[in-house]
Amino acid sequence: MFIRILYYGFRVYCFIFRPIRIGVRVMMIQDEKVWLVRQTYIPGWFMPGGGLKKGETLDEAARREAREETGAELGEVTLMGAYSNFTDWKSDHNIVFICTDFTVKSKPDAEIAELKSFALSELPDDIWPGHRRRLQEYQAGIKNPQFGKW
């Protein structure tokens, strides 16, 4: 019983002092173009994605986020890699998927200011650095899955 109490105390401690966030990103590519979103609450361009919900698998989260942020229904997705970001106070871990089989069926939700496709060779200047790096790795044909810093 004492060990259970210690375990729950440790979990509370980790929640407060060592927050860890897990999210997904989807690299949606067709015809040498990538679909990116610009959010209403932060400047710059991003691959669609976001945090996992309780009880949701990585695949389910990727599909939900793509549907919410782009209006797309995804076909087959493949794992590109898992990347960690330790800037500021956070411990973020992004699981990146690649999807070349998708259909945009509806409009993005209200958190998306703009949805646009860009040629892989002409990415916008204000795309966030981690997103640019992943797209450059994709273009370079780097083998997957990869692991490293975001």
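Author: Start with arginine 64. Its relative accessibility is 9%, so arginine 64 counts as buried. Here buried means under 20% relative accessible area, exposed means over 50%, and partly exposed lies in between (1.4 Å probe, protein chains only). A word on the source: this is a predicted model, where local features need pLDDT of at least 70, side-chain atom pairs count only at pLDDT 80 or more, and totals for chains, interfaces and linings use all residues. Residues are numbered from 1 along each chain as its sequence is written, and side-chain values use heavy atoms, with hydrogens and water left out.

Now the partner. The side chain of arginine 64 meets that of glutamate 56 in a salt bridge, at 2.7 Å from N to O. A salt bridge is a side-chain nitrogen of Lys or Arg within 4 Å of a carboxyl oxygen of Asp or Glu. Glutamate 56 has 17% relative accessibility, so it counts as buried. The pair does not stand alone. Glu56, Arg64, Glu65 and Glu68 are linked in a network of salt bridges.

Next, arginine 67. Its side chain and that of glutamate 73 form a salt bridge at 3.7 Å, N to O. Arginine 67 is partly exposed, with a relative accessible area of 37%. Glutamate 73 is partly exposed at 33%.

The structure holds eight salt bridges. Another of them joins the side chains of arginine 21 and aspartate 92, at 2.7 Å from N to O. Arginine 21 sits in strand β1 and aspartate 92 in strand β7, so this pair ties together parts that are 71 residues apart in sequence. Strands (E, at least two residues) are DSSP runs, numbered from the N terminus. Arginine 21 is partly exposed, at 40% relative accessibility. Aspartate 92 is buried, at 11%.

Now the nonpolar side. The largest nonpolar core has 16 residues. Such a core is a set of buried Ala, Val, Leu, Ile, Met, Phe, Trp, Tyr and Cys residues joined through side-chain atoms within 4.5 Å. Met27, Ile29, Val34, Leu36, Met80, Val96 and Leu135 have the most contacts inside the largest core. Strands β1 (21-30), β2 (33-39), β6 (78-85) and β7 (92-99) each supply at least two residues of this core. A second, separate core has 13 residues, including Val77, Ile95, Phe97 and Cys99.

Leaving aside residues up to four places away in sequence, methionine 27 touches Met47, Met80, Val96, Phe97, Ile98, Cys99, Arg134, Leu135 and Tyr138. Contact here means heavy atoms within 4.5 Å.

Technical notes:
Helices (H or I, at least four residues) and strands (E, at least two) are DSSP runs, numbered from the N terminus.
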